[in-house]
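User: Hi! I am new to reading protein structures. Could you walk me through this one step by step?

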Amino acid sequence: MQLLRRIWKDPVWSAVIAALLVAVGLSVWAQVKGLWPAVGRTFASAASWTTAASTVANWILLLMGICVLAVVVVGVMLLWAALTTSAGDTTPVVHKYVEDRFLGLVWRWKYGRDGTIYDLSVFCPACDYQIRPVTHTSWTDPDTTMFECDDCGHKVGPLRGSQYDVESQVERKIQKNLRNQTRPGTEA
Ligand SMILES: [Zn+2]
């Protein structure tokens, strides 16, 4: 289906398909009108004309040959360009960068079809147990978030901002690394 749509969108192929449809339509119309004998006669005379030899200057033949060659070359180039560009568009984005260390913690995430980051989770840098962040809110001070491992007791924090703030900060660090093509795991 994908290939059909691509061929239909391609200017060369859609022209070929349109020409075929017109030919089929014309033959059906001729059949209905009972015009087949006349069409046959026309084709017969056309055939005899085609096979009959004629004296044509060689430079005309040469010119025609060059024209045909040019049309074929341009057609192939257009088809190639159309096929390669649409093939690039349909290829899904595959990221292998799904883990890194930020703020003294291990972070893992997934990518959506359009490349957006989701399912960001945080793990203990000492034992790799998943951490449940706890945000401390107060009337007087800004929010802080504590990252404490329930398994080995390793503590990171309190970090400034709510859990959402810290995750947003990490997500933007990931996006920055993706843009800059930085090698993962470079932060100590
Ligand atoms: Zn731990």
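Predicted model: local features only at pLDDT ≥ 70, side-chain atom pairs only at ≥ 80, totals over all residues.

## A walk through the chain

User: How far apart in space are Thr145 and Gly157, C-alpha to C-alpha?

Analyst: In sequence, Thr145 and Gly157 are twelve residues apart. Leaving aside neighbours within four places in sequence, Thr145 has Gly157 among its contacts, along with others including Pro133, Leu159 and Val166. From C-alpha to C-alpha, the distance between Thr145 and Gly157 is 6.8 Å.

User: What is the order of the strands in the sheet that contains S5?

Analyst: Let's build it up pair by pair. Strand S4 (residues 134-136) pairs with S5 in the antiparallel sense over three bridges, and Val134 stands opposite Met146 in S5. S5 is also joined to strand S6 (residues 155-160) by four bridges, again running antiparallel, with Glu148 opposite Lys155 in S6. This gives an open sheet of three strands in the order S4-S5-S6.

User: Which strands are the edge strands there?

Analyst: The sheet has the order S4-S5-S6. An edge strand here pairs on one side only. The edge strands are S4 and S6.

User: Which residue in the hairpin of S5 and S6 takes a positive phi?

Analyst: This hairpin has six residues between the strands. The positive phi is near 80 degrees, and the residue that takes it is Gly153.

User: What about S1, S2 and S3: how many degrees does the twist average from one strand to the next?

Analyst: These three strands form an open sheet in the order S1-S2-S3, with antiparallel pairing. S1 (99-102) and S3 (117-123) each have a single partner strand, so one side of each is left without a neighbour in the sheet. From one strand to the next, the twist averages 30 degrees.

User: Which helix packs on that sheet?

Analyst: First, a look at one pair of strands in the sheet. S1 and S2 (residues 105-111) pair in the antiparallel sense over four bridges, and Asp100 has Trp107 in S2 as its bridge partner. The helix touches S1, S2 and S3, and its direction makes about 115 degrees with that of S3. Covering residues 163-180, this is helix H5.

User: To finish, what pattern does the chain follow along the sequence?

Analyst: The secondary structure comes to five helices and six strands. Of the 188 residues of the chain, 6% count as buried. Read along the sequence, the pattern is α-α-α-α-β-β-β-β-β-β-α.

Technical notes
Residues numbered from 1 in each chain as written. Pairing = 2+ DSSP bridges. Helix = DSSP H or I, 4+ residues; strand = E, 2+ residues; numbered from the N terminus. Buried ≥ 20, exposed ≤ 12 C-beta atoms within 10 Å, placed from the backbone. Contact = placed C-beta atoms within 7 Å. Axes fitted to C-alpha atoms, helices over the stretch in contact; angles between N-to-C directions.
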